[in-house]
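Good morning, everyone. Please look at the sequence and the structure on the screen, and I shall take you through a few selected places.

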Amino acid sequence: MSSVIWFLVFVLGALTLAYNRASLLTTTLVYGGGLLAYGLFGDPSLPLLVVLWTALAVLVFLNIDALRIRFISRPFLRIYRRMLPSMSQTEKDALEAGTVWWDGELFTGGPDWDKLLSAAAPKLTAEEQAFIDGPCEELCRMIDDWDITHRRADLPPHIWEYVKSKGFFAMIIPKKYGGLEFSAYAHSCVLVKLSSRSGVVASTVAVPNSLGPGELLLHYGTQEQRDYYLPRLARGEEVPCFALTGPRAGSDAASIPDFGVVCKGTFEGREILGVKLNFSKRYITLAPIATVIGLAFKLFDPDKLLGDDKTDYGITCALIPRNTAGITIGRRHFPMNAPFQNGPIQGKDVFVPLDYLIGGIKMAGQGWRMLVEQLSVGRCISLPSSATGAAKAAVFATGAYARIRRQFNVSVGQFEGVMEVMARMTGTTYIMDAARSVTAGAIDGGEKPSVPSAMLKYHLTEYGRVIANDAMDIHGGKGICLGPKNYLGRGYELVPVAITVEGANLLTRSLIIFGQGAIRCHPFVLREMNAAKDKDKRKGTIEFDKALFGHIGFTISNAVRSMVMALTLARFTKVPEGPTQRFYQHINRFSASFAFATDVAMLSLGGYLKKKESLSARLGDVLSCMYLASMVLKHYENQGRQEADLPLVEWACRTLLYKAQEQLHSFLRNFPNRFLAGFMRVFIFPRGQTYHAPSDPLSHQLVDQVMHPTITRDRLTDGVYRTVEPTNPLGLLHEALVLSETAEPLEKRIRVDGVKTGRITALDLPGQIQQALAAGILSETEAAMLRDYDRRVMDIINVDDFNTEDMAAGHQPVELRQVRVGNA
């Protein structure tokens, strides 16, 4: 019996060391001490002692640096170099872009929650709030989306003038150049509001404030370039676009065939040294109306006129005026019936001076690095914010519509099939809002989160697709009939645009999220890779040895952590206390399992993992789910731990962590080495799959929150354009929702006291109201109120119809044309 006790003590000590990531020396000492005590006071068998003392000998051997390096690290380094995936310079630049933030913590297997929770909550300044309440509100009021999308296929002149003069194109430009110099969070909030009103206007405003000339000039331009262009961009005198992708290089933008050759040429009547450009670009937003073009191309100097030995400089960026000879511009694409300005640009033998290069000669060849560094910020804001704004609007509208729209004598939102869909819309929108706001706050705190930017771009636009479909399903015919009364159709059409631009979502999921994250965020992988490529062989071997054995200990630790937390359902891991405590613990559990699975995959598959895109995509999903769940918990803290929002938090975390579990399970099922898959399963799912998706009663709580005018509904949909006016369907829907609180009891009284008793025989509500008034069931005041409510509801749920000739795009009724001609 004593033998068993001592052996259990020894095993427990070893597990504790591994769980807490002790050093190799400390592990050896504790293991040896435990073994000595076991030998002295226990009753071990000889074979067991041989095994245990052999293990101790191995540990002692591993503590002797020279022997360890000679017999283990150096031979493995030779194998490792062959396992390393090939990597182009553009991939290296992408890896080095941005910073590692919370994504790095999730790779550790034991995230430091204090790091996340101590970050300042994003907040608008008084000036930023005034802009959203003033110019942004006014711009929303001015928008007639049907006029923009159907009649004009463009913004009207007064809106173009307004967005330019009020600084909507200058949110990222510093005040010293005449810009607004808004925070990332304020920038995001502006796009959320505009997206709730018009996708075309939001897209138009987003582009100059995202990756483009303004951003590149701020960080890389010469002082002369900044002094000239930034004030003009801030005043709206210049309209920028950035031309990157083309017919032969879409998502693979680094492979652009567009080129420029350094040569002498004539410019403005004199011979100078410059660049002759030939290019063909497409999908360029604002190109048809742009006055200045940011251009990405490959720069060559075959005659070495720049005074360097290089002839191939690589991707370079330039800023070129629209009227430069040789440029063809002005034609338009028509992306999914959404007429934001987007079109192709071509250039044939376009000669420009060298000072047109952004940053001048010293930045020649640095274009790709410039782009990926700034893309890590822009992708966190533009598309995620626009998708979130559209989602908020869809939930705001659908919650009200499902309450006021009745079928079978009940609100359609009371059917469980509808409730399931509405709960998904509501909870998913909470995830989106949490992710975009917390990540924007991190950017304002100095981070440039490159991996989270890919997560947000992919998942938030995909969530936007789900919510658009769900809103359509609930609205039915109301959603599919286009016209001035339709507040869903144009957003629904825009969904594939968000999925496609700034890198196709399919590639973002399968190649970027995990592929970049595994190298960039892992605490040891990048160190190992850099050591393997170190030209100083001796130094590289020593550094590789340190990283390798740190990595091995890290893997063992996470394997143990994963198993222990899976067996105990993570109940004993230390996390912030409170009503959300269990979700922190479950993220810790999945973080350890994810880190362990990642290490086994990378160590066993090496560079082949890069080709196993489905495996990478599943691991990327696990990482993304943990990141988004973390953002949900931080968002809940940022909003003051509102108790009424706890159902939202629970639904969001349960949904995300359930998906993380299922994707880990799918990863193991499809792992090519079946022995290793079974080995990993023992540590990741020793009790099987124990995590569950949200329950139906929980989903019903979410629906109840958005089908009534609650404070939770207001918080969730904060930022949408909800002003009550005749041209704003969202405002009218919410007004009807508020009125329904009083109207529904009156309708119930009519049914119970009138229809069921036979005192009321009319089939339609107006007739029932009249009979109820005559029968004394309703008072005059109640009848008038219910008639007004019914009129408002019918006006909302009715759809547009047209004369045949009025359906042609660009057609305007004769009287409208005459008024506008007269005013002109």
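Glu462 lies in helix H17, which covers residues 450-475. Please bear in mind that this is a predicted model. Is Glu462 buried or exposed? Its relative accessibility is 18%. Because buried means under 20% relative accessible area, Glu462 counts as buried. Its side chain makes a polar contact of 3.0 Å with the side chain of Asn505. Leaving aside neighbours within four places in sequence, Glu462 is in contact with Asn505 and also with Ile499.

Which side chain is joined to that of Glu725 by a polar contact of 2.6 Å? The partner is Tyr721. Beyond the neighbours within four places in sequence, Glu725 is in contact with Arg141, Arg197 and Leu732. Between Glu725 and Glu735 there are 10.0 Å from C-alpha to C-alpha, and these two residues are 10 residues apart in sequence.

Next, consider helix H21, residues 525-532, where Val525, Glu528, Met529, Ala531 and Ala532 are buried. These residues lie on the same side of H21, because they cover an arc of only 165° around the axis.

Finally, we come to the surface. Ile64, Leu67 and Phe71 form a nonpolar patch there, with about 260 Å² of accessible area together. Of these, Ile64 lies in the loop between helix H3 (46-62) and helix H4 (65-83). Ile64 is partly exposed, at a relative accessible area of 38%.

Definitions and conventions: Residues numbered from 1 in each chain as written. Predicted model: local features only at pLDDT ≥ 70, side-chain atom pairs only at ≥ 80, totals over all residues. Heavy atoms only, no water. Buried < 20%, exposed > 50% of the residue type's maximum accessible area, 1.4 Å probe, protein only. Helix = DSSP H or I, 4+ residues; strand = E, 2+ residues; numbered from the N terminus. Arc of directions from axis to C-beta. Polar contact = N/O pair within 3.5 Å; in protein donor to acceptor, adjacent residues only side chain to side chain. Contact = heavy atoms within 4.5 Å. Patch = residues over 30% accessible without salt bridge, like charges linked within 9 Å, V, L, I, M, F, W, Y side chains within 5 Å. Areas by Shrake-Rupley, 256 points an atom, 1.4 Å probe, with all protein chains shown as cover. Salt bridge = Lys/Arg side-chain N within 4 Å of Asp/Glu carboxyl O.
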